[in-house]
Amino acid sequence: MTTLIWLRDDLRLADHPALTAACSAADGPVVALWIHETRRTDEDNNRHGPRPLGAATRWWYHRSLQQLAPRLADLGIPLVFARGDAANVMRQVVDALQPTVVHWTRRYAPAACRLDAAIKQELKSRTEVHSHPGSLLAEPWLMQTVNGSHYQVFTPFSHAVADLPLGPLLPEPSPIGERGGADTALATLREDGVLQNLEDIGLLDEGPAWWEETLAQHWEPGELAARQQLDAIDSWLPGYATRRDLPGEETSTSRISPRLRCGELSPRQAVAAARTSTASGEDIVAWTRQLYWREFSWHLLHHREHLEDTPMRPAFAEFPYYPDDHLARAWRQGRTGIDLVDAGMRQLWQTGWMHNRVRMVAASLFTKNMLQPWQDGEQWFWETLVDADEANNPISWQWVAGCGADAAPYFRIFNPDLQRTRFDPRSRYVRRWIPEGLARPVVPVVDLAESRREALAAYEQVHGLSGSHAKPQRG
């Protein structure tokens with residue numbers, strides 16, 4: 001009477017509806033499976049499966065899974081690993097284990113939904129399959145405007161989410177004890193190469209070698225560390241509303257985004273902690289608003305596929321970008337000669353994270369002053385951010401580029417020098433990440449004033465204001 005739980009982006013024990021259901025109803029062994037998934041495209045060009053993890057998030061998942069495995073073992077649940085097409089893996093695992101029920105936490109990207117629906121359809125003749133909430137505060141299909149359509153503007157969406165009842169948080173499941181019965185099947189799956197050790201499923205492939213040291217200096221993945229971070233909310237949430245845009249202050253943001261990304265924390269836990277904190281109402285509203293932006297991104301992605309490479313505003317498919325390998329490389333390496341952006345890109349390369357204010361400035365420089373395709377910048381962040389989220393990352397880039405929902409006006413172009421003066425007035429942030437100092441002999445790769453004029457000319461073309469369709473010339 002084996003129960004199988006397929007873990008995905010939900011690497012925790014507490015407030016985990018799928019895990020709670022698996023443990024509470026089990027009448028035999030419970031086995032947890034995590035798959036390093038690949039994505040396939042069918043003959044109709046439909047994607048099946050989640051977007052493959054970037055290098056930095058793979059590092060995080062590897063470390064988080066290392067922490068999760070012994071905690072599940074303490075409950076009497078072995079955590080096993082596989083790699084490849086999830087449909088094939090699930091087919092073989094179910095054939096061997098013959099579980100009476102399979103549980104998983106729902107996913108919301110269309111390609112992942114398509115895969116999960118196909119797997120559920122295939123398995124239902126052999127076992128029960130139950131999907132559970134757990135990754136969002138609001139199921140995307142339940143959030144509708146008064147006209148019955150999905151939301152496309154953030155503010156009314158955030159108000160609707162804020163009005164939802166939170167409900168009680170689920171505790172960690174009680175240990176189910178040692179239950180044999182699955183060991184032989186698991187051994188066979190290992191002998192057949194279906195199951196592998198965590199170290200062999202490729203999560204640490206292709207990332208920079210120094211990340212094993214540098215990322216570990218800044219992060220401690222795992223649910224226990226995540227909950228300690230959230231439990232300390234009264235040490236960092238007070239003052240958040242006024243400090244959150246200051247990258248030079250270490251505690252200006254919560255830095256729980258990678259915890260939410262891989263599910264070491266649930267968004268319900270985050271909101272509950274904020275509502276019971278000693279911070280002011282202004283600080284609580286400002287911080288939970290960021291959680292609602294995450295919800296909004298997933299809401300949009302659920303209803304709009306291909307946002308990682310297709311602009312939400314169709315006119316922007318013809319935007320006259322000017323791809324330049326030299327400019328893009330200088331941006332990636334933090335060698336643009338523009339201090340705030342270079343500091344941010346170096347922080348990203350060393351730590352797998354960047355302050356959100358600096359992310360916006362760096363993205364604006366890339367897409368507007370440099371006229372580089374937003375998809376290229378989004379892909380770099382996807383590979384190097386430990387919190388790279390399948391919804392947040394592309395939708396944030398589209399917001400800055402002016403082609404997304406609820407986007408800033410297309411003519412808003414961040415001036416990185418003014419942003420540094422305003423948000424890093426003492427240059428604490430810049431000095432930390434540019435050790436050679438502000439007097440480094442570097443000529444900026446673009447003239448901010450001239451490149452701003454070029455960007456505005458390009459945007460005017462897209463918006464049909466100039467009547468010209470020629471690519472703007474670079475001086």
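Which residue in E6 stands opposite Thr3? In this predicted model, the residue facing Thr3 is Val101. Strand E1 covers residues 3–7 and strand E6 covers residues 101–105. The two run parallel and are joined by four bridges.

**The sheet**

E1 and E6 belong to an open sheet of five strands. The order is E5-E2-E1-E6-E7, and the pairing is parallel. Strands of a sheet pair through backbone hydrogen bonds, either parallel or antiparallel. Strand E5 (79–84) and strand E7 (128–132) stand at the edges. Each has a single partner strand, so one side of each is left without a neighbour in the sheet. From one strand to the next, the twist averages 25°.

The table sets them side by side.

| Helix | Residues | Strands it lies across | Angle |
|---|---|---|---|
| H1 | 17–24 | E1, E2 (30–37), E6 and E7 | about 160° to E6 |
| H2 | 55–74 | E1, E2 and E5 | about 150° to E5 |

Thr127 sits in the loop between helix H4 (110–123) and E7. Is Thr127 buried or exposed? Its relative accessibility is 7%, so Thr127 counts as buried; the cut-off is under 20%. Beyond its neighbours within four places in sequence, Thr127 is in contact with Pro99, Thr100, Val101 and Val102. Val101 is also the residue opposite Thr3.

Two backbone oxygens approach polar side-chain atoms of Thr127. The oxygen of Pro99 lies 2.8 Å from one such atom. For the oxygen of Thr100, the distance is 3.1 Å. Thr41 is another matter: 86 residues separate Thr127 and Thr41 along the chain, and their C-alpha atoms are 27 Å apart.

**The nonpolar cores**

In soluble globular proteins, nonpolar side chains tend to be buried together. Here the largest nonpolar core has 45 residues. Phe319, Trp331, Val341, Met345, Met354, Leu365 and Phe381 touch the most other members. Helices supplying at least two residues each include H14 (325–332), H15 (339–351), H17 (374–384) and H21 (448–462). H16 (356–369) is also one of them. Its share is the largest, at seven residues.

Which residues does Leu365 touch, not counting those up to four places away in sequence? They are Trp331, Thr336, Ile338, Val341, Met370, Pro416, Val446 and Leu448. Of these, Trp331 and Val341 are themselves among the residues that touch the most other core members.

Technical notes
Residues are numbered from 1 along each chain as its sequence is written. This is a predicted model: local features need pLDDT of at least 70, side-chain atom pairs count only at pLDDT 80 or more; totals for chains, interfaces and linings use all residues. Side-chain values use heavy atoms; hydrogens and water are left out. Two strands pair if DSSP finds at least two bridges between them. Axes are lines fitted to C-alpha atoms, for helices over the stretch in contact, and angles run from 0 to 180 degrees between N-to-C directions. Contact means heavy atoms within 4.5 Å. A nonpolar core is a set of buried Ala, Val, Leu, Ile, Met, Phe, Trp, Tyr and Cys residues joined through side-chain atoms within 4.5 Å. Buried means under 20% relative accessible area, exposed over 50%, partly exposed in between (1.4 Å probe, protein chains only). A polar contact is a pair of N or O atoms within 3.5 Å; within protein, one must be able to donate a hydrogen and the other to accept it, and residues adjacent in sequence count only if both atoms are side-chain atoms.
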